[in-house]
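Hi everyone, thanks for making time for this one. I'd like to walk you through a structure from one chain, to the interface, to a couple of local spots. Let me put it on the screen.

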Amino acid sequence: MSQVDPLLSNQTKNQAEGRHPRPSATLRARQDQAARRAFFIFTLLPVLLILFITVALFFRSWPIISEYGLSDLLFGQVWKPNKGLFGFWPFILGTVWVTVVGVVLAVPLCILASIYLAEYAHTKTRSFAKPILDLLAAIPPVVYGVWGLLAIVPFVDDVLAPLSTRWLGSISIFSVNQPTGFNILSAGIVLAVMIAPLIISVMYEIFSTVLNDLRHASLAVGATQWQTIRNVVLPQVGPGILAAIVLGASRALGETIAVLMVVGNIPQIPTSIFDSAYPLPALIANNYGEMMSIPLYDAALLSAALVLLVVILIFNILSIIVLQRMTRKK
Amino acid sequence: MDAHIQVKNLNVYYGKQQALKNVNIEIPKNQITVIMGPSGCGKTTLLKTFNRFFELTENTQLTGEVLVDGQNIYDASVDVTEVRKVVGLLAQRPSPLPMSIYDNVFYGMHIHKMKKDRKEYKAAVQHYLEIAGLWDEVHKRLHDPATSLSIGQQQRLCLARGLAVEPEIILGDEPTSALDPISSQNIESRLLELKQQYTTVIVTHTLRQAKRLGDYVIYMYLGEVIEAGPAHEVFNNPQHERTKAYLEGQI
């Protein structure tokens with residue numbers, strides 16, 4: 001070979017001309033390290049922001065927590081700010097009901113859809129179905145709210161409520177006690193559609209962590225595809241499925257505008273999915289900035305925000321830990 | 001020759017690329033047939049047409065016939081799970097199912113509802129673990145996860161799992177290539193013991209293994225079968241230049 005490696009030739013040239021590469025290398029190393037530190041700080045900022053928000057919310061809500069005690073606030077059943085009664089219990093239950101109904105409606109469909117996409121669908125089907133599902137996540141919540149208002153509320157009022165009265169009326173959680181469609185079920189249906197894309201895409205990722213070797217091992221002894229999914233794939237992905245559901249639930253917990261447009265916003269303790277409710281995010285969004293002259297009102301709303309934030313953080317952190325473990329195993 | 005598998009005018013395409021070109025061969029019953037050839041020659045593809053596993057890859061096309069016991073397994077009336085019950089596969093990498101040792105062997109029998117009660121299943125699990133030469137090593141920990149076994153033990157477990165559904169044919173896709181020499185030898189001696197009762201087809205890229213195991217040899221090159229015949233004939237007196245070159249280590 002007559003050609004000389006260009007790198008090598010440079011090096012020999014440097015040596016021949018008596019150049020010392022070290023000083024510039026140190027400068028470059030310093031610049032590199034400075035850049036690294038800068039990027040690190042920018043990466044750290046969001047984490048600090050979460051901490052800062054949490055701490056700030058805590059201090060702003062401290063006046064009411066110190067006066068009433070956390071358990072009186074959380075479990076107090078009456079919300080009459082102008083009489084000094086700040087019970088969050090109706091709002092907490094409202095949040096829980098709406099979230100549970102949304103998750104219960106979404107999860108079975110999401111499991112089936114993600115099984116189809118990950119296990120059965122042809123690559124071509126997948127390559128157009130997945131982007132469309134992801135697109136659902138890009139629709140602004142207020143549009144979902146309008147859809148709920150125009151389509152779901154009347155549907156629940158005119159179709160589902162009479163059906164339920166006729167067939168399920170004796171079961172208390174399905175009894176219809178209010179004359180409107182602005183209720184937990186409407187909010188749950190809207191939420192289910194909103195959280196489905198997230199749950200499906202996380203579940204799909206989870207399914208693709210299962211090695212093909214395992215599917216083939218099962219198919220090789222003459223198992224059908226469904227037997228393979230049920231006996232080999234599903235047992236592997238159990239924790240991941242649960243994490244996907246929790247992640248969807250935490251999205252549902254925090255969803256504000258679409259829910260408050262259809263849920264009725266009545267601070268009561270719900271007993272049926274056809275009751276109106278008043279979830280925490282709706283409470284904060286509807287009232288913050290108004291009637292702020294009432295003593296402790298500001299602190300009450302911010303402690304509601306704190307409760308919401310802490311619960312959602314815990315949900316998210318738990319599911320992220322599970323999901324990371326699962327994807328690392330791959 | 002008493003042929004167990006007959007391949008007639010078989011062509012296989014991956015997309016537009018032809019992987020098998022007009023393959024016509026017969027696989028003798030209750031012998032070990034070895035498919036050999038350089039990598040990319042289509043030997044694994046050919047093997048995977050015998051249990052319809054190549055269908056698991058998308059965009060494949062197949063023309064021609066593969067007859068097992070005289071029945072074309074690509075006939076529309078044939079149930080693919082039945083084909084795979086009759087034609088077992090030992091994969092390249094041991095892939096125990098994520099369940100206990102016992103359940104791995106139990107799995108296929110249970111899916112095909114092959115036994116009446118627990119007692120029969122238990123006896124069958126023991127039987128096939130014994131055949132695979134694994135019983136003595138695992139009988140005290142049958143309910144441990146299968147992944148706790150060594151890699152060589154895992155491959156013998158996979159053998160037991162495959163045999164448990166009572167196949168007539170065992171396919172092996174380089175079944176020892178992921179194993180250490182002692183485990184490989186162990187698998188090889190199992191296969192030699194089993195050849196009285198099962199038609200065995202092994203893909204291998206090691207010539208020495210082909211010589212140790214083969215009763216009947218198929219040599220492939222670029223998607224075509226170049227030469228097929230009894231092992232002693234092909235090894236001692238190859239008819240084709242390419243086969244000769246391969247045996248002499250030129251390819």
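Before I count anything: helices here are DSSP runs of H or I with at least four residues, strands are runs of E with at least two, and both are numbered from the N terminus. Please also keep in mind that this is a predicted model.

With that in hand, chain A has 12 helices and 2 strands. If you read along the sequence, the order is α-α-α-β-β-α-α-α-α-α-α-α-α-α.

Now the overall dimensions of chain A. Its C-alpha trace spans about 90 × 65 × 35 Å along the principal axes. The radius of gyration of chain A is 27 Å, whereas a compact globule of 330 residues would come out near 20 Å. Of those 330 residues, 36% are buried. As for contacts within chain A, take the pairs at least 6 apart in sequence: 78% of them join residues at least 24 apart.

Next, the interface. How many residues of chain A are in contact with chain B? There are 17 of them, and they meet 21 residues of chain B. Two elements of chain A give two or more residues each to this side, namely helix H8 (212–220) and helix H9 (225–254). H8(A) supplies the largest share, with 7 residues. By type, the chain A side divides into 8 nonpolar, 8 polar and 1 charged.

Let's move over to chain B and look at helix H6, residues 151–163. Its 13 residues reach 19 Å from first C-alpha to last, close to the 18 Å expected at 1.5 Å a residue. Is this helix mostly covered or mostly open? Mostly covered: 12 of the 13 residues in H6(B) are buried. Among them are B:Arg156 and B:Arg161, along with B:Leu157, B:Cys158 and B:Leu159. The buried set also includes the glutamines B:Gln153, B:Gln154 and B:Gln155.

Why does B:Pro181 count as exposed? Because it has 9 C-beta neighbours inside 10 Å, and the cut-off for exposed is 12 or fewer.

Note on methods: Residues numbered from 1 in each chain as written. Chains lettered and ligands numbered in written order. Predicted model: local features only at pLDDT ≥ 70, side-chain atom pairs only at ≥ 80, totals over all residues. Contact = placed C-beta atoms within 7 Å. Nonpolar A, V, L, I, M, F, W, Y, C, P; charged D, E, K, R; others polar. Buried ≥ 20, exposed ≤ 12 C-beta atoms within 10 Å, placed from the backbone. Expected span 1.5 Å × (residues − 1). Rg over C-alpha atoms; globule rule 2.2 N^0.38 Å.
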